[in-house]
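Work through the exercises below with the model open. Each task is followed by its solution.

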Amino acid sequence: MKILFEDSEVIVLVKPVGVPSETTQNGEKGILDLLKNQQGLKDVYLLHRLDRNVGGVMVFSKTKKSAAHISKQIQENTFKKTYLAVVDGIIEEKQGIYKDLLFKDSSKNRSYVVNRMRKGVKEASLEYVVLNENNNKSLVKVTLHTGRTHQIRVQFASRRMPLVGDGKYGSKDNMPLALRCVHLSFKHPVTNKTVDTFAPPESPWFSFEIDQ
């Protein structure tokens, strides 16, 4: 694990692709447990999650007080997360906001866009900017306004633009999922200074430098 920032209150690292955020039901160790074991930390608190097949920046708290402080920022939408994604298709509007109602089916670990509010449905909102286009694929920068399960994947797929490599939501590309959390920004729970961290993509999909 690459550590981007660490002090007595928080630790920011780059989660590798393929590692779950927390221990799975079958006992597979998640990034939280690996962090405790490798860094020798007794108390570490998970504040947010990335899907197993998504890599990128994550922040953990070392104290309950700091965990509460950052969790409040997440709830108030002052905790900023930015992703890069490659989607199938050319997006007509080169920047915009997607707002949907999402229902999570926990039994299938899948989310769906629905047309009315009911039990289990939550509002989802994201902002995107198209950075590049090539061979009917678009590289987009995505800023989340909410943090729903599979949100980016579902919101683009519902518009017939699944993320490259996302077979769960309709992609036919036999590639790793083209989604990465590249940037986190939040107020330090003690100093109140902005902690700004960035982890550039490792896959050539994000730069369009391969033959597509």
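**Exercise 1: contacts and cores**

Task: find what I152 is in contact with, leaving aside its neighbours within four places in sequence.

Solution. Contact means heavy atoms within 4.5 Å. With that cut-off, I152 is in contact with Y83, L126, V142, L144, L163 and L179. A nonpolar core is a set of buried Ala, Val, Leu, Ile, Met, Phe, Trp, Tyr and Cys residues joined through side-chain atoms within 4.5 Å. Buried means under 20% relative accessible area, with a 1.4 Å probe and protein chains only. The largest such core has 43 residues, and I152 is among those with the most contacts inside it, along with F60, I91 and F156. Strand β2 (residues 10-15) supplies the largest share of this core, 5 residues. Another core lies apart from it, with 7 residues, including L84 and F206.

The model is predicted: local features need pLDDT of at least 70, side-chain atom pairs count only at pLDDT 80 or more, and totals for chains, interfaces and linings use all residues. Residues are numbered from 1 along each chain as its sequence is written, and side-chain values use heavy atoms, leaving out hydrogens and water.

**Exercise 2: strand β5**

Task: state which strands pair with β5.

Solution. Strands (E, at least two residues) are DSSP runs, numbered from the N terminus. Two strands pair if DSSP finds at least two bridges between them. β10 (residues 179-187) runs antiparallel to β5, joined by 6 bridges. Here L84 stands opposite R180. β9 (residues 137-144) also pairs with β5 in the antiparallel sense, over 7 bridges. There D88 faces K137. Finally, check burial: 8 of the 9 residues of β5 (residues 80-88) are buried, so the strand is largely enclosed by the rest of the structure.

How values were computed
Buried means under 20% relative accessible area, exposed over 50%, partly exposed in between (1.4 Å probe, protein chains only). Helices (H or I, at least four residues) and strands (E, at least two) are DSSP runs, numbered from the N terminus.
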